[in-house]
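Here are my notes on the model you sent. Please read them with the structure open.

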Amino acid sequence: MSPTDNELMEDVRDGRVEKLAVLFERYQTMLYNFFLRLTGDQAASEDLVQEVFVRILKYRTGYLSESRFNVWLFQIARNAHIDHLRKRKPALPLDEQYAEMPGREPLPEAAYEADREADLVRRALDRLPVRKREILVLFRFQNLKLREIAELTGVQVGTVKAQVHRALKDLSRAYLELQRGDLS
């Protein structure tokens with residue numbers, strides 16, 4: 001039976017830092033996808049994943065055994081993302097980045113439509129304020145439970161539920177506007 005995340009983190013906290021490699025293997029893809037959905041930038045997402053594990057090492061003595069590791073991990077990830085937003089220079093709006101992309105080879109109709117839909121969802125997600133985008137990514141893409149997000153963000157479960165509902169509603173509105181061409 002493999003050790004739980006909490007057991008591994010307790011080992012890391014107690015000085016057996018080689019156990020962090022197992023946690024890295026378990027969470028690097030999840031964190032990368034989390035950051036990629038928030039930033040839309042592969043290089044920044046890779047850097048942020050590295051930053052999270054550096055911070056885990058730095059703050060390992062503060063890990064409490066009664067904490068759920070994934071909640072603690074995503075708290076560190078959120079803080080790393082906030083610091084990233086503070087440091088970065090104003091970037092080109094996502095629309096301009098897409099406009100400068102080189103042309104693609106013709107795709108089959110179905111692949112083109114799927115790509116177009118994914119692009120619309122990504123662009124709609126980018127239009128949400130960071131807080132709403134983060135809640136949706138944690139809930140829909142990282143599969144955190146409402147209770148875990150509540151613990152992570154320091155609010156009640158009912159508040160998170162309302163935030164997810166509002167974020168989905170705003171995402172839907174932005175998606176439909178993009179689909180109609182109301183926004184560019």
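1. Start with the crossing of H3 and H4, which is right-handed. Keep in mind that this is a predicted model. H3 spans residues 42-59 and H4 spans residues 69-87. Their axes lie 9 Å apart, and the two helices pack at an angle of about 120 degrees. Angles of 65 to 115 degrees would count as roughly perpendicular, and those over 145 as roughly antiparallel. H3 and H4 are therefore oblique to each other.

2. Which residues of H3 and H4 make the contact? From H3 come Ala44, Leu48, Glu51, Val52, Arg55, Ile56 and Tyr59. H4 supplies Phe69, Trp72, Leu73, Ile76, Ala77, Asn79, Ala80, His81, Asp83 and His84. By class, the contact of H3 with H4 has 11 nonpolar residues, three polar and three charged.

3. Now look at H1, residues 5-13. Its buried residues are Asp5, Leu8, Met9, Asp11 and Val12. These residues cover an arc of only 155 degrees around the axis, so they sit on the same side of H1. An α-helix has 3.6 residues a turn, so residues three or four places apart point the same way. The cover over the buried residues of H1 includes H2 (20-39), H3 and H4.

4. Asp11 deserves a separate look. This residue lies in helix H1. Is Asp11 buried or exposed? Its relative accessibility is 18%. The cut-off for buried is under 20%, so Asp11 counts as buried. Set aside the neighbours within four places in sequence, and Asp11 is in contact with Arg16 and Lys19.

5. Check what follows H1. Gly15 comes after this helix, and its phi is positive, near 105 degrees. H8 is likewise followed by a glycine, Gly154. The phi of Gly154 is positive, near 75 degrees.

6. H8 covers residues 146-153. Within H8, Glu148, Ile149, Ala150, Leu152 and Thr153 are buried. What covers them? Among the elements over the buried residues of H8 are H4, H7 (130-141) and H9 (157-180).

7. Last, the pair H2 and H7. Their axes come within 10 Å and cross at roughly 145 degrees. The crossing of H2 with H7 is right-handed. On the H2 side, Phe34, Arg37 and Leu38 take part. They meet Arg133, Glu134, Val137, Leu138 and Phe141 in H7. The contact of H2 with H7 divides into five nonpolar residues, no polar and three charged.

Note on methods
Residues numbered from 1 in each chain as written. Predicted model: local features only at pLDDT ≥ 70, side-chain atom pairs only at ≥ 80, totals over all residues. Heavy atoms only, no water. Axes fitted to C-alpha atoms, helices over the stretch in contact; angles between N-to-C directions. Helix = DSSP H or I, 4+ residues; strand = E, 2+ residues; numbered from the N terminus. Parallel < 35°, antiparallel > 145°, perpendicular 65-115°, else oblique. Left-handed = near helix turned anticlockwise from the far one by under 90°. Contact = heavy atoms within 4.5 Å. Nonpolar A, V, L, I, M, F, W, Y, C, P; charged D, E, K, R; others polar. Buried < 20%, exposed > 50% of the residue type's maximum accessible area, 1.4 Å probe, protein only. Arc of directions from axis to C-beta.
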